[in-house]
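Hello,

Here is the structure I promised to pass on. Please open it first; my notes follow below.

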Amino acid sequence: MIESSLAFGAGNGVLIAVPVPAVASAGGSEIEQAIQQALTDAKNAGVTGKAVTPFVLQRVNELTGGKSLQVNVELVRNNARVGSHIAVELSRLRSSAGDVGRGRAPRGRGRSEDGRRARDGGRETEGRPVVVGGAVLDFVAKVSSPEIKDEGTNPGTLRQSFGGVGRNIAECLARLGTRPFFISAVGDDDSGQLVEDQLQTLGMSLAGVYCSPTLPTATYCAVLDRAGEMHCSVGDMAVHSCVTVEWVKRFHSELESSSLVCVDANTPEVTLKYVCDFCWEAEVPVWYEPTCLEKATKPMSARCISTLTYASPNLSELRAMNFALTGEETASGITTDLSLLEKLRECRALGPALLEHVPNLLISLGRDGVVHARQGEVSETRTREARFLHYPAAATHLLPVKVVNVTGGGDSFAGGMIASLTRGLAADIAVKAGLRAAYLSIQSHSAMASEATPELFTEQSIAEWAPWTAEEF
């Protein structure tokens, strides 16, 4: 029960009632009579407030000839015995789940003066994915009325959950059993403790999570319409500036031995460039998640676009990245009004410029699925033209989907696909795994669906869930 509560990140306590041990139960009626007499004596003596408890304890001890003290000692011993058994069993459960970095110190302790947590001993890093990016406490407001009013109060629901693109992807990877190493930053506040505690319940180390003594943990508020689509959002992301080059340098071994490094656009530009250049030299593939339209072009301004192996923009972010490379305006500026055919044509028109630098583009089309654009192969005799493959969001019999929350769909896709790539699965299966993770996410109130388990993401399970063939266009 305790483990389940921690895994859900509920943030609540658990009350456990322990029966009175047999050795302490004898004389119960005598002690009860003494307690009632002591309360009467306290009232007659005019004892009130905080003085009542010590008066009653002393009086009960006198009335029972010391027997109540012996009983209380036995109760304390029994509670300690039961508590230790619970602690041992909880430790066993969490260890069997692959937990690392447990035994967290209270906030402000267990960290050096520069905010760094004491490094975990004996970590296994070989072949683990590394995620560099934001950790955020999300507040998602969903309006229940048909239209959102700009003034006044909109009826609806408000939920708190864990978010941040990097954290979301890391959570998905952890749920799918790939043991990610996470590099991020939080504030030394209650929100930061909630984020860190939830990371630990997922089995992730906190060694890479910087704790800022001055900046608050990042928070984000999204407002969704009744259909679950994004209306607007507000974010306080200043703490991400703490993910500095100096901080990342501490984790060279994790980066160098990684199977793949995923970096999101919340990472400061200079740190993004450092990570990408380091991984290029170490021959470690890098996945870039643009995060939002305003930050999508960071690899261009940082001059590290050619070090990427994967980039996962949506259509709006693709337009911005294409413009940053070519300076050419796109024909369309409104994604939501385009038909699937128009979206595919735009992917085909905008993709080649980016594919000259990035071998793989995973272009999100929202409810229309995803496009995997692949760089053409070069041989001694000829250059093969780039390939564009369209994958629907899900099989026809699984649609339509009751959309609850779209905020984690793209991040879940990235996590699902990266997990499959880390296991060495083919690109086709990896894309479908990403789609399955997104399919589960958009039906969940949380950014990451707790239903995402390793058993659902085996090669056979994915092939059965997505039996279709991607359409080349």
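I start with phenylalanine 278. Its relative accessible area is 17%, so it counts as buried, the cut-off being under 20%. Keep in mind that this is a predicted model.

Phenylalanine 278 has an aromatic partner, tyrosine 274. The two rings are stacked, 6.3 Å centre to centre with 25° between the planes. Both residues sit in helix H10 (residues 269–282). They are four residues apart, about one turn of the helix.

That pair belongs to a wider set. Searching the whole structure gives eight aromatic pairs. In one of them, phenylalanine 181 and phenylalanine 251 have ring centres 5.4 Å apart. Their planes meet at 55°, so this pair is tilted. It connects distant parts of the chain, 70 residues apart. Phenylalanine 181 is in strand E4 (residues 181–187). Phenylalanine 251 is in the loop between helix H8 (245–249) and helix H9 (252–256). Both phenylalanines are buried. They also form one aromatic cluster with Tyr210 and Trp247.

Now helix H3, residues 28–44. It has 17 residues and spans 24 Å from first C-alpha to last, close to the 24 Å expected. Which of its residues are buried? Ile31, Ala34, Ala38, Asp41 and Ala42. They cover an arc of only 95° around the axis, so they lie on the same side of H3. The face turned away from that buried side carries the exposed Ser29, Gln33, Lys43 and Asn44. Just after H3, glycine 46 has a positive phi of about 75°.

Best regards

Note on methods:
Residues are numbered from 1 along each chain as its sequence is written. This is a predicted model: local features need pLDDT of at least 70, side-chain atom pairs count only at pLDDT 80 or more; totals for chains, interfaces and linings use all residues. Side-chain values use heavy atoms; hydrogens and water are left out. Helices (H or I, at least four residues) and strands (E, at least two) are DSSP runs, numbered from the N terminus. The expected span of a helix is 1.5 Å times one less than its number of residues. Buried means under 20% relative accessible area, exposed over 50%, partly exposed in between (1.4 Å probe, protein chains only). The arc is that of the directions from the helix axis to the C-beta atoms. Rings of Phe, Tyr and Trp (its six-membered ring) pair if their centres lie within 6.5 Å; planes under 30 degrees apart count as stacked, over 60 as edge-to-face and the rest as tilted.
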